[in-house]
Amino acid sequence: IRLDIQYKFITAWKDIYQGIKYVKERDYEKANELLSQALEAGIKSHYEIYHFRAIALLHLQRYPEAIIDAKEVIQLAPDSIDGYFCLGQIYLAQEDFENATSILEKGLKLKPDYAELKSLLIKARSSTNKTVAKNFVEKAKVCFENLSYQESLDFLIEAAKLLPDNTNLILNSISLNLTLLKFNEAEKDAMIIQKLNPTWPLKNFTMASKVLKVKQGRIGSKSKWFVLKNRILYQYRLNNY
């Protein structure tokens, strides 16, 4: 019986080494198979087995199983960065940006200088901002369709806070400020676009030019037409966000 047990464990360790090798060679099906066999043989105290199987499951897009393994890595080795980094990758693959951000922030506390984790965290935060901003834009569309222009602008401003470099959002804000006859605010937005895109061709500054003309009173009786035109432009940009 002892010989059988020894043989079983020797075979299991061979499966582990071979499974890790397959992960590095990107043969994830075989890696998952061998690492699972090792775990079934009773070798469950080594977090590296769960770690490499989680990586294999991630690439096989078997996310719920991968999450279980990554969490087991954190349980077995709470001071290791591996579990946090792997779990963050899985959440990102699922587009669960909130959980990805949370777990990666915890990992960064363990190893503040880990460049790859920092990069992944930036991606997660950026994606979170984009998701929230998109929800604000959707609300802005509804308000616009109900002719609630000020509420639409308020939602748009919240979206722009999350994505300050998104020129399309700023152009939306310009158009809606003009619709509300808020010429000073529209001019400020136009200046932001000029700073963000100093190399743009002049035709892209048409909106900024119109803002200045309105402020200086150069379009006179055409003002109603101008405001109506900007309502149309705003609606178009919202639909193409």
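**A look inside the core**

Author: Let's start with the largest nonpolar core, which has 44 residues; Val 23, Leu 87, Ile 90, Ile 103 and Leu 104 touch the most other members. A nonpolar core here is a set of buried Ala, Val, Leu, Ile, Met, Phe, Trp, Tyr and Cys residues joined through side-chain atoms within 4.5 Å. Buried means under 20% relative accessible area, exposed over 50%, and partly exposed in between (1.4 Å probe, protein chains only). At least two core residues come from each of helix 1 (2-24), helix 2 (28-40), helix 3 (47-59), helix 4 (63-76), helix 5 (82-93), helix 6 (97-110) and helix 7 (115-145). Helices are DSSP runs (H or I, at least four residues), numbered from the N terminus. Helix 3 gives the most, with eight residues.

Keep in mind that this is a predicted model: local features need pLDDT of at least 70, side-chain atom pairs count only at pLDDT 80 or more, and totals for chains, interfaces and linings use all residues. Residues are numbered from 1 along each chain as its sequence is written, and side-chain values use heavy atoms, leaving out hydrogens and water.

Now zoom in on Val 23. Leaving aside neighbours within four places in sequence, Val 23 is in contact (heavy atoms within 4.5 Å) with Tyr 28, Ala 31, Leu 35, Phe 52, Ile 55 and Ala 56. There's also a second, separate core of seven residues, including Phe 136, Val 137, Ala 159 and Leu 169.

Ala 159 turns up again in helix 8 (residues 149-162), whose buried residues are Tyr 149, Ser 152, Leu 153, Leu 156 and Ala 159. These sit on the same side of helix 8, because they cover an arc of only 120 degrees around the axis, taken from the directions from the helix axis to the C-beta atoms.

How values were computed:
Expected span 1.5 Å × (residues − 1).
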